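The sequence and the structure come first.

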Amino acid sequence: MSAAVPAGAVPASAPGGPLLEVRNLEVGFRTQGGMVTALNGVSFTIEQGESVAIVGESGSGKSTTAHAIINLLPGSGRITGGQVLFEGRDLATASRQELEEVRGKRIGFVPQDPMSNLNPVWSVGFQVEETIRANGLATGKREVRKKAIEVLQQAGLQDADRRLRQFPHQFSGGMRQRVLIGIGLASSPRLLIADEPTSALDVTVQRRILDHLESLTETVGTSLLFITHDLGLAAERAEKLIVMYKGKIVEAGPSLEILQNPLHPYTQRLIAAAPSLASRRIQASGQHLGSLAHTEAAPASGFDLITAAEERAEQVEAAPREPAVVVENLTKVFKIRSGGFKSVDFTAVDDVSFSIQKGTTTALVGESGSGKSTVAKLLLKLENATSGSISVQGRRIESLRGRELLSLRRAMQPVFQDPYGSLDPLTNIGNTIAEPLKVHKVGDRASRRERVFELLDQVSLPRVIAGRYPNELSGGQRQRVAIARALALKPDIVVLDEAVSALDVLVQAQILRLLAELQGELGLTYLFITHDLAVVRVIADNVCVMQKGRIVEAASTDQVFGSPQEQYTRDLLDAIPGAGIQLGV
């Protein structure tokens with residue numbers, strides 16, 4: 001062995017060998033009850049210039065695998081067995097100094113949540129420059145600044161010189177994600193690990209970012225390990241697919257082959273639960289939803305979104321047709337400070353009109369910044385409209401105050417996008433779900449506790465979670481808590497603002513099926529706000545497409561998907577992950 005090779009490492013792989021080889025990797029987390037196994041015998045390879053995707057539900061071990069490769073596990077986690085051979089060197093036994101030579105320089109990393117991974121009190125420029133200095137990409141203030149501008153320009157951000165001085169909260173989600181991708185690719189690494197880099201972005205921004213990421217990796221010859229819960233997205237973007245379940249790889253091979261001929265029951269469940277693929281199957285068949293459920297093979301019918309869509313269609317046909325919500329000529333203008341005592345008008349919602357029939361689901365779709373969430377806040381009376389009117393169950397809500405407003409809030413409940421930000425970190429889950437019952441003085445302590453357990457059962461959460469806190473739950477579990485809380489008062493109308501955008505496909509399918517079942521049982525009316533048209537295809541009855549504060553297209557779901565009238569709508573449909581994949585159905 002050459003003296004240059006660190007002790008414990010194997011000789012460098014022969015030219016043309018795999019760039020990364022993971023052999024029987026095992027990872028455990030230390031808990032009060034002992035060591036809990038998170039990865040159990042994971043093995044795979046990534047060739048030079050190859051793109052590989054790891055898919056699976058939350059808790060399957062995808063992110064743990066990514067973090068274990070660069071030995072960045074949380075404090076309680078450690079590699080308990082196996083090897084991680086990168087360019088022949090075993091990173092599982094490498095020293096801290098050796099790992100620092102690899103991280104950032106040879107292996108880039110794009111973390112999942114751009115807001116929590118960028119420090120809110122430091123400018124974007126400071127954080128990019130810090131990375132450049134740490135990786136030794138430039139020295140001297142002027143050279144570091146020049147390299148930082150170059151990194152942001154390569155990441156697709158215009159006016160990079162001005163952007164350096166801004167803070168993360170002044171960037172959109174897509175822009176923040178581009179910054180992280182730019183940082184990950186700054187040193188032209190041999191391997192880039194991207195952990196859910198686009199899960200919270202709308203489809204058009206997602207497509208632009210992934211196209212850009214693909215072009216950058218092709219330019220510098222970087223291999224890509226892409227972690228996602230969207231099977232359609234993975235199949236579209238990666239040559240090879242790895243399916244993980246409970247810390248093990250259950251299926252691996254060429255992406256299209258696995259997508260078109262899944263062998264493992266778990267992979268079949270993922271495909272049945274993927275909104276983008278279900279949407280494609282509906283369109284490809286061209287049949288009525290009622291016949292689709294019987295023609296599609298669905299190994300796990302409990303998760304098949306086409307079955308859920310069929311049931312929803314049958315329920316809607318029998319539903320009453322009086323409007324539950326009527327919005328007319330709604331306009332909202334915000335005053336934006338422009339320096340000093342001056343301000344400029346920004347029209348977030350511009351003359352919007354639509355209605356939602358009782359017992360049906362209307363989806364508001366569009367890119368980030370199109371005005372969808374502002375409409376939701378106006379409907380919930382969290383913001384006051386500049387002009388126009390909103391009627392809920394026949395009552396105008398503009399002048400409601402006191403008890404009348406409380407009564408409205410009981411009948412109409414929200415589920416917000418960020419499940420962590422909308423839950424009090426200092427209140428346990430049981431009290432969080434019970435809070436609306438206490439505020440509206442529903443029942444006594446014992447009945448409220450029983451209602452909490454009933455709601456936890458409805459959203460498929462174990463009752464023991466009632467005593468835990470938000471930071472102890474996964475993102476999917478927190479979102480299910482938020483939905484349980486919204487359903488506590490048995491409302492007539494539920495406003496769901498990106499309620500399933502951050503969930504893995506199996507949990508997402510469970511939630512969508514739950515919403516459909518509750519709608520059928522209780523006659524609920526939904527306003528479903530989302531950027532994901534694939535979800536809209538299987539959950540909504542009517543669609544309103546928003547662009548720059550205005551509704552540019554409004555029709556039934558079948559009409560919007562079958563014959564979209566606006567180019568903007570066609571662009572949104574084309575950006576659905578997996579749109580270019582031949583499914584063979």
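Contact here means heavy atoms within 4.5 Å. The model is predicted.

## Surroundings of Phe-29

Phe-29 lies in strand 1, which spans residues 20-31. Apart from neighbours within four places in sequence, Phe-29 is in contact with Gly-34, Met-35, Val-36, Ala-38, Thr-64, Leu-73, Pro-74, Ser-76 and Gly-77.

A separation of 9.0 Å is found between the C-alpha atoms of Phe-29 and Ile-79, which are 50 residues apart along the chain.

## Helix 3 and helix 4

Helix 3 (residues 124-134) packs with helix 4 (residues 141-154) at an angle of about 110 degrees, and their axes are 9 Å apart. The two helices are therefore roughly perpendicular to each other, since angles of 65 to 115 degrees are placed in that class.

Helix 3 makes the contact through Val-124, Val-128, Glu-129, Ile-132 and Arg-133, and helix 4 through Val-144, Arg-145, Lys-147, Ala-148, Val-151 and Leu-152. By class, this contact of helix 3 with helix 4 has seven nonpolar, four charged and no polar residues.

## Helix 10 and helix 19

The axes of helix 10 (residues 265-273) and helix 19 (residues 505-522) cross at roughly 50 degrees and come within 9 Å. Helix 10 and helix 19 are therefore oblique to each other. The crossing of helix 10 past helix 19 is left-handed.

On helix 10 the contact is made by Tyr-266, Arg-269, Leu-270 and Ala-273, and on helix 19 by Val-505, Leu-506 and Ala-509. This contact of helix 10 with helix 19 has six nonpolar residues, one charged residue and no polar residues.

Key:
Residues numbered from 1 in each chain as written. Predicted model: local features only at pLDDT ≥ 70, side-chain atom pairs only at ≥ 80, totals over all residues. Heavy atoms only, no water. Axes fitted to C-alpha atoms, helices over the stretch in contact; angles between N-to-C directions. Helix = DSSP H or I, 4+ residues; strand = E, 2+ residues; numbered from the N terminus. Parallel < 35°, antiparallel > 145°, perpendicular 65-115°, else oblique. Left-handed = near helix turned anticlockwise from the far one by under 90°. Nonpolar A, V, L, I, M, F, W, Y, C, P; charged D, E, K, R; others polar.
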